[in-house]
Amino acid sequence: MTADSRLDALYEAARMYYGEQQTMEAIAAAQGVSRSTVSRMLRDARDAGLVQISLRPPGAHRVEELRRRIARQYGVRVHMVPVVSGYGERERLQSVAETGAEVLDGMLEPGMTVGMAWGTTLAALVRSLHPRPVPGLRIVQLNGAINTEGSGLTYVSTVLARAATLWDATVHHFPVPAFFDYAATRDAMWHERSVHRVLEAQQQCTLAVFSVGAFDAEVPSHVYTNNYLTRDDLRSLRADGAVGDVCTVFLRADGTFRDIGMNARCSGPDPSQLARIPHRLLLAAGSRKALPLRAALRAGVATDVVVDEVTAASLLALP
């Protein structure tokens with residue numbers, strides 16, 4: 001038997017078994033071979049690539065429906081992360097980070113300038129990245145990181161340095177407070193040449209990567225638990241109707257952000273500035289992030305979203 005005729009025989013056995021649901025005994029009788037021979041032929045057909053078997057896990061239809069609804073409602077590309085039974089909030093965050101790392105890897109191009117925010121989710125994302133040198137890649141820090149105690153910069157620098165090492169990229173740090181004490185101080189700093197150079201680099205970004213922050217997330221958002229905000233700040237934000245932040249710019253539930261007092265003192269790009277960046281990857285994990293996630297999507301800050309199915313369901317269930 002020639003190689004081609006052997007493949008033809010394997011294909012015919014596989015067609016009868018998988019396509020027509022015939023038993024091995026019926027196939028054996030039709031081809032004049034033993035049942036054990038048919039079993040080996042089906043195995044060889046799989047090994048030869050003539051048969052491809054795909055599995056659709058329970059709930060796959062539900063996950064796809066969530067993805068379609070979010071994509072249709074908010075005009076974004078959605079990468080849904082199925083939730084394994086028994087997973088808690090931290091496991092879901094890790095799954096979103098791992099999927100986000102794969103999506104981000106597919107978006108990177110030589111010579112690109114990537115704007116990166118910081119926080120709990122972005123730190124998990126960077127830990128999930130795999131080494132892949134990208135020639136000429138630049139990383140620009142999108143928002144300041146110094147907190148009320150004068151720390152925070154080391155944390156962010158370590159996260160960005162890891163990404164730079166994995167991608168063989170250069171980093172432009174943004175050594176300013178996450179929130180200034182006075183709006184006038186921020187306005188003055190924005191005219192300093194060293195700061196202005198970073199702001200110009202941010203404007204050259206063609207890809208931005210960030211998450212959303214929530215006041216009461218199950219896995220705490222870094223900005224709300226590390227002395228970045230005073231009690232007066234939090235009271236002011238509640239009074240202004242803020243539900244969370246993107247790049248330390250606070251949003252209301254409807255996606256508006258102007259006239260929130262704290263935003264006059266923040267260091268990150270607002271939604272209108274983010275919208276000028278062609279590709280914007282947002283990662284979100286955690287049921288209590290559903291409200292700020294909806295605010296972010298309403299503000300139009302993202303082109304691509306990585307979200308787990310529980311958070312997605314919570315998002316769509318919001319009144």
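Among contacts in the protein that link residues at least 6 apart in sequence, 71% join residues at least 24 apart. The structure is a predicted model, and its chain forms 14 helices and 10 strands. With a radius of gyration of 26 Å, well over the 20 Å that the globule rule gives for 319 residues, the protein is more spread out than a compact globule.

**Overall dimensions and surface**

- Taken along the principal axes, the box filled by the C-alpha atoms of the protein is roughly 90 × 45 × 30 Å.
- Of the 319 residues in the protein, 48% count as buried.

**Charged side chains**

- The protein carries 34 positive and 33 negative side chains, and the centres of these two sets lie 2 Å apart.

- Arg 92 belongs to helix H5, which covers residues 89-107.
- Because its relative accessibility is 5%, and buried means under 20%, Arg 92 counts as buried.
- Leaving aside neighbours within four places in sequence, Arg 92 is in contact with Val 83 and Tyr 87, with Ala 285, Gly 286 and Ser 287, and with Asp 308, Val 310 and Thr 311.
- Ser 211 lies 119 residues from Arg 92 along the chain, and the C-alpha atoms of these two residues are separated by 14 Å.

Technical notes. Residues numbered from 1 in each chain as written. Predicted model: local features only at pLDDT ≥ 70, side-chain atom pairs only at ≥ 80, totals over all residues. Heavy atoms only, no water. Helix = DSSP H or I, 4+ residues; strand = E, 2+ residues; numbered from the N terminus. Rg over C-alpha atoms; globule rule 2.2 N^0.38 Å. Buried < 20%, exposed > 50% of the residue type's maximum accessible area, 1.4 Å probe, protein only. Contact = heavy atoms within 4.5 Å. Lys, Arg positive; Asp, Glu negative; His and termini not counted. Charge placed at Lys NZ, Arg CZ, Asp CG, Glu CD.
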